[in-house]
Every structure is written in C-alpha cells, then in structure tokens.
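Here are my notes on the salt bridges and the chain contacts. Please read them with the model open.

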Number of protein chains: 2
Amino acid sequence: METIAIVGVGLIGGSLGLALQEAGFTGTILGVSSERSIASALELGAIHAGAGLDEAAARADVIYLAQPIAGILKTIERLAPICRPNTLITDAGSTKFEIVRKAGELLTGCRFLGGHPMAGKEARGVEAADPGLFRNRTYCFTPVSIADLDAPLVRQFTRWIERCGAKILTLSPEDHDRTVAFTSHVPQLLSTVLAVVLAELPVEKLQVAGPGAIDMTRLALSAFDIWSDIIETNRDAIDHALTVYIDKLTELRDNLQTPRVGENFRVAASVAARLRM
Amino acid sequence: METIAIVGVGLIGGSLGLALQEAGFTGTILGVSSERSIASALELGAIHAGAGLDEAAARADVIYLAQPIAGILKTIERLAPICRPNTLITDAGSTKFEIVRKAGELLTGCRFLGGHPMAGKEARGVEAADPGLFRNRTYCFTPVSIADLDAPLVRQFTRWIERCGAKILTLSPEDHDRTVAFTSHVPQLLSTVLAVVLAELPVEKLQVAGPGAIDMTRLALSAFDIWSDIIETNRDAIDHALTVYIDKLTELRDNLQTPRVGENFRVAASVAARLRM
C-alpha cells in the first residue's frame, strides 16, 4: 500500500489519515471531499493533498470510502467504470449487506472488502478527527469469502488497521447486519424513544432528570441523516431486534416484583461488566 | 441548624458531610452507620464523630436519612418513640410516597420533610463521597403541604442544600414518584433489558458492541438491592411509564422508514439537548 485515497474526509476518514501516519505509514494520503473538508484536513495534517475521484482512482492502490451509506453506494457506482484491476476498494459504512451486494454487482474490475470500524463520537466532521479513534476498538471486515482476506494488498491494508490499534473481527455481511441491529441500532432507537417520551412530560419536570437520563439520551443527539440510511438498509434486522427487545421489556414489566427481575439485574450487570473488559 | 446526624454514611451521606463543610457549615456532623463506614468517613473528614441512633436523636436538630429505602422506613420506625419535638427529620430516598406516608403516620412527635437529590454515580460507599456531588443538580423536596417549607429549621436546612450547589424543586410525593418513574426508573430498566438481550448473543458477537452499547448499558451495572426497594415502593407508576414507553417503541418499529421516524429523531435530539443545558 503506497497511496491511499480517503473518500469523505470527516470524523472517520480524517481519523484514519491521522492514525495511519501515527502508525508509521509514509506513503501518500489523498482526500476526496468537499472543498471545506479538504482545507481543514490539510490544516490538521490528516491528508497530504486533495484530489477528484478520477485522479484518486488513477493514483491510489487503496480507496477508502468513509461517507454515509448513501454516499458510499453512489461512489461505488461512480468507481465502477474507472477503477483499476489492482485497486482495493474498502469502506466504513455502518451496514454491510447492501454495500457488499452493490460492490459485488458493479465493481467487477477490482477488489472490494467491506469494513466497519466500531468507533465514533457525537461530534462529526474532520475537526473532530482523532488518531486514537480506532485504538482498542473492534474493526469488522465482511469478506464475501474468507479467501478474500489472503490477497497481498488486502493483507497489507488490514495489517495497517491493526497498527492503528484496532482489533479485527471477521463476519459475513448478513451476520454483521443482524448483530449491529442488536448492538448499535436498537441502542440508538431506545435512546431516541426515551427522549421522545421525556419530551411529553411537563417541561419543569425535566429538572428531575438525573445522570441516568442524561446517559441514556446521549445517543438521541445523533443526526437523522446518518440513521435514515441505516434504517433503510437494515430494516428487517432492526425490526426483528426491536421485537425481541420489546418482548423482553414487556416480560420484565409483567414480572416487576417477582424474583425474575432480580435475576435480570444480575445477568445484565454481568454482561455490562464484560462489555467493559 | 447546629448539629446534623447523617444516618447511613455512604455515597450520599458522606458527600453531604463534605459538601456542608465546603459550604461553610461549622456545626457538628454526627454519623450513624456501620463501624467500617464510620471509620472511613472519619478518615475522609466527612463526619466529626460516630454515634448510635439514640445519641443522634438526643443531640441533633436535623437527622438526615441517607440509607436505601427499606433502611429509611426502618429508621423512621425506630425514631418514632425517641425523636424530639424540635427535630427535623429528612431523607434522601429514591421514592417518596411510601416514606412520606410512613413518616406522617409515625413521626407525629417531630417534623418530617421528604427529599431526593438527583445525584449519584455507580460507585457506592463513603469512599466515593464527593463534596461536589450536589452541585448543579436538582434536589427535590416533597412537603405534604407547601407551608411545611416555612418552618425556620426547614428554611435553614434547605438553604444549606442550596449552598451545597443544588437547585431545589418542590413536588408532591405522588408527583415526584410518577415523574421519576419516567426520568429514572424507566431509563434503568431499559438499560437492564438491553444488557439481558445482549447476553443472549453468541459471546464473540459482543466484540461488535461500540460506544453506543457501552453508554446504554452503564446503568445495567447497578446493584439490584437498591432497585428492588424502588420497584417495590413505586410499582404502579413504573408499570404505567413502561407501558407508555413500550407503546412508543412499538409505534416507532411499525413506522420504520416513514417520515415519522425522522420527526422522532428531531424531537428527541431537541429534548436531549435541553437536558444538557
């Protein structure tokens, strides 16, 4: 890997540029993004130069799509006629099935590897970029076949992701999407609905909200533009995971003051502790 | 207020002792607690001396009950025959109706004022005590009649709570309990149920959990002993608030990919931002 083009230089793309350099990458980092993001990214040192998508496709051996899902799908269409045989295209989209399906259909002229870094913060934009964003975080890759991971350029790229501090986990695109419905999409929607319910309280009652309500509504600050893409590309898995959740919550409500609630608290505390190990 | 006895010198009781002194209180602070807690509290300077409940009732003009709910209810029974006419008894229990009801029935020989500081952290015990725990937090008082707040000793005490940095909110006990069902009890149960649902995923899939799942399962670390009292003394309000929540979550699930979801996100982000003001 000598030249990487990052398409969409925001929080994730900018952080990758900084993290790669901190990890010792001495090749060229191109940024394909809005004029404003390129200017900020250059100032922060996250990229070495701005480029158009055509130039990026001509020069880069790795093209990293760090846009929202709808942007990634559009860029895949634009790259289809111009990507070169030895290029690796990879992405950081929050759902994988639809992206991997489209890439498999259109990017027949080069190699594609779906990816998803389990890292983020509320702040968006390259200004929030952080070279430590991937450190100690899981980074999912979703190859169509495990053999996809053996190609030399793919190995080089995944090795750089490890050098950025991430722990790699390999899942099928379907399995990834089913899992993040539980671990990411349901938590977001729980937070959003909690805030919607609190919005219906008389406004002075909001003063009663303590640290617990504050924690549980942090995700509710998320912007919908990101989430409308996620919901659109993972509707069935989210529907299923929400149904499982609603059933468990209803069960707990119907068993309030039985020993089952205590058992729920113990199981919950143990898995919450494991998530923090 | 010249002598305050804190019954139950843990996180809240210890923090009150430290906060009062930081706010300029120069009277005596007695602690009624386990031998171990008294020793730690003395070492931290949160109290001036340990005492038994009889001695505390004989010496203190304010008795502050900072135990879990069941402990507060028991202490009210024990104080009934020994409290003096000019003593103010107040508490920091998480639900108010049952405590205020019992105090009204038994503490006919002195004055009682229910209270609830909206402050806390996961860590428990006096070792976690923090003089800033109440700062910029709401502190609810739940007088049976607003006139209860006019008694000179009550005014002195609530003034000290303000000097500790808290913002006072007055609610009826019933209104308090209905409100915290939404702002505190439902958030706790949402977090517990999320962790229970995640516990059913294959264990390697937990690696996919990102910062969102971590946030949303923090409350799931809470110990059940505190929560079993809360559930027992606020069952109907929790049942109602959970039902409202389940209905909204079901509505959102059934409307995924309609414009209503976007509207939910906007309302949620706005109330989540207001909670942070």
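1. B:Asp254 is partly exposed, because its relative accessibility of 47% lies between the 20% and 50% cut-offs. Its salt-bridge partner is B:Arg253, at 3.1 Å from N to O. B:Arg253 is buried, with a relative accessible area of 16%. Keep in mind that this is a predicted model.

2. Now the interface. The contact set holds 82 residues of chain B and 82 residues of chain A. About 8100 Å² is buried between chain B and chain A. Carbon and sulfur atoms give 74% of that area.

3. Six salt bridges are counted between chain B and chain A. In one of these, the side chains of B:Asp215 and A:Arg218 meet at 2.2 Å, N to O. Across the interface of chain B and chain A there are also 24 residue pairs in polar contact, with both residues at pLDDT 80 or more.

4. Which elements give two or more residues to the side of chain B that touches chain A? They are strand 8 (138–141), helix 7 (173–199), helix 8 (211–216), helix 9 (224–233), helix 10 (235–254) and helix 11 (259–275) of chain B. Helix 7 of chain B supplies the largest share, 19 residues. By residue class, this side of chain B divides into 50 nonpolar, 17 polar and 15 charged.

5. Over all chains, the count comes to 36 salt bridges. A:Glu77 and A:Lys102 form one, with the closest N and O atoms 2.6 Å apart. The pair links distant parts of the chain: A:Glu77 sits in helix 4 (residues 69–79) of chain A, A:Lys102 in helix 5 of chain A, 25 residues apart.

6. Are the two partners buried or exposed? A:Lys102 is buried, with a relative accessible area of 17%. A:Glu77 is partly exposed, at 41%. Beyond its neighbours within four places in sequence, A:Lys102 is in contact with A:Leu73, A:Ile76, A:Glu77 and A:Leu107. A:Leu44 is 58 residues from A:Lys102 in sequence and 33 Å from A:Lys102 in space, C-alpha to C-alpha.

7. Helix 5 of chain A spans residues 97–106. Within helix 5, A:Arg101 and A:Glu98 lie three residues apart, about one turn of the helix. They form a salt bridge, the closest N and O atoms being 2.9 Å apart. A:Arg101 is partly exposed, at 38% relative accessible area. A:Glu98 also counts as partly exposed, at 24%. A network of salt bridges links A:Glu98, A:Arg101 and A:Glu105.

Conventions
Residues are numbered from 1 along each chain as its sequence is written. Chains are lettered from A and ligands numbered from 1 in the order in which they are written. This is a predicted model: local features need pLDDT of at least 70, side-chain atom pairs count only at pLDDT 80 or more; totals for chains, interfaces and linings use all residues. Side-chain values use heavy atoms; hydrogens and water are left out. Helices (H or I, at least four residues) and strands (E, at least two) are DSSP runs, numbered from the N terminus. Contact means heavy atoms within 4.5 Å. Buried area is the accessible area (1.4 Å probe) that two parts lose on being put together, summed over both. A salt bridge is a side-chain nitrogen of Lys or Arg within 4 Å of a carboxyl oxygen of Asp or Glu. A polar contact is a pair of N or O atoms within 3.5 Å; within protein, one must be able to donate a hydrogen and the other to accept it, and residues adjacent in sequence count only if both atoms are side-chain atoms. Ala, Val, Leu, Ile, Met, Phe, Trp, Tyr, Cys and Pro count as nonpolar, Asp, Glu, Lys and Arg as charged, and the others, Gly among them, as polar. Buried means under 20% relative accessible area, exposed over 50%, partly exposed in between (1.4 Å probe, protein chains only).
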